[in-house]
Amino acid sequence: MSIDMMDQKVKELRELRRMQEELASEIEAIQDELKAHMDTYGMDTLLGLDWKVTWKAVTSNRLDSTALKKELPDIAARFMKKTTARRFVLA
């Protein structure tokens, strides 16, 4: 790929990321409106003709690795898993 082609691709990527951020803001604003409506009327589900929106509390249990490392560092070390990932950054 030539430098001109790479330059064009980076410009295109920047524009698409800008558009993505704009869309994410619009999506969040609409979601917030729906959540506010649901809060106002004490609802956790909205039903339409071909859609359903739910906004419910979900409980999950997760391991507190910081506390485990502090209280039982030997055991925590035995169960550590090293992973490697590549990160793509556009600056």
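How many helices and strands are there in the protein chain? The chain holds three helices and two strands, and their order along the sequence is α-β-β-α-α. The model described here is a predicted one.

**Overall form**

- The protein chain has a radius of gyration of 23 Å, whereas a compact globule of 91 residues would have one near 12 Å.
- Computed along the principal axes in the geometric sense, the box filled by the C-alpha atoms is roughly 55 × 50 × 20 Å.- Of the contacts between residues at least 6 apart in sequence, 22% join residues at least 24 apart.

**Surface and charge**

- Buried residues account for 3% of the 91 residues in the protein chain.
- The chain exposes about 9200 Å², and carbon and sulfur atoms supply 55% of that area.
- The protein chain carries 16 positive and 16 negative charges.

**Salt bridges**

- There are four salt bridges in the structure. Those described below include pairs within helix α1.
- Asp 7 and Lys 11 form one of these salt bridges, and their closest N and O atoms are 3.3 Å apart. Both residues belong to helix α1, where they are four residues apart, about one turn of the helix.
- Asp 7 has a relative accessible area of 39% and is partly exposed. Lys 11 is likewise described as partly exposed, with a value of 47%.
- Glu 12 pairs with Lys 9 in a salt bridge with an N to O distance of 3.9 Å. These two residues are three residues apart in helix α1, which is also given as about one turn of the helix.
- Glu 12 is partly exposed at 39% relative accessibility, and Lys 9 is partly exposed with a relative accessible area of 48%.
- The side chains of Glu 22 and Arg 18 meet in a salt bridge at 2.6 Å, N to O. In helix α1, Glu 22 and Arg 18 are four residues apart, about one turn of the helix.
- Glu 22 counts as partly exposed at 44% relative accessibility. Arg 18 is partly exposed as well, with a relative accessible area of 39%.
- Arg 18 and Glu 22 also belong to a network of salt bridges that links them with Glu 15.

**The start of the chain**

- Met 1 is located in the segment before helix α1, and this helix covers residues 3-40.
- Is Met 1 buried or exposed? Its relative accessibility is 67%, so Met 1 counts as exposed, the cut-off being over 50%.
- Leaving aside residues up to four places away in sequence, Met 1 touches Met 6 and Lys 9. Lys 9 is also the salt-bridge partner of Glu 12.

- Why does Met 38 count as buried? Its relative accessible area is 1%, and Met 38 is therefore buried because the cut-off is under 20%.
- Lys 35 has a relative accessible area of 27%, so it counts as partly exposed, a class that lies between the 20% and 50% cut-offs.
- Which residues does Met 38 touch, not counting residues up to four places away in sequence? They are Met 43, Asp 44, Thr 45, Leu 46, Val 53, Thr 54 and Trp 55.
- Trp 55, one of the residues that Met 38 touches, is 17 residues from Met 38 along the chain, and the C-alpha atoms of the two are separated by 8.0 Å.
- Lys 35 is 20 residues from Trp 55 along the chain, and a distance of 7.2 Å separates their C-alpha atoms.

Notes
Residues numbered from 1 in each chain as written. Predicted model: local features only at pLDDT ≥ 70, side-chain atom pairs only at ≥ 80, totals over all residues. Heavy atoms only, no water. Buried < 20%, exposed > 50% of the residue type's maximum accessible area, 1.4 Å probe, protein only. Contact = heavy atoms within 4.5 Å. Rg over C-alpha atoms; globule rule 2.2 N^0.38 Å. Areas by Shrake-Rupley, 256 points an atom, 1.4 Å probe, with all protein chains shown as cover. Lys, Arg positive; Asp, Glu negative; His and termini not counted. Charge placed at Lys NZ, Arg CZ, Asp CG, Glu CD.
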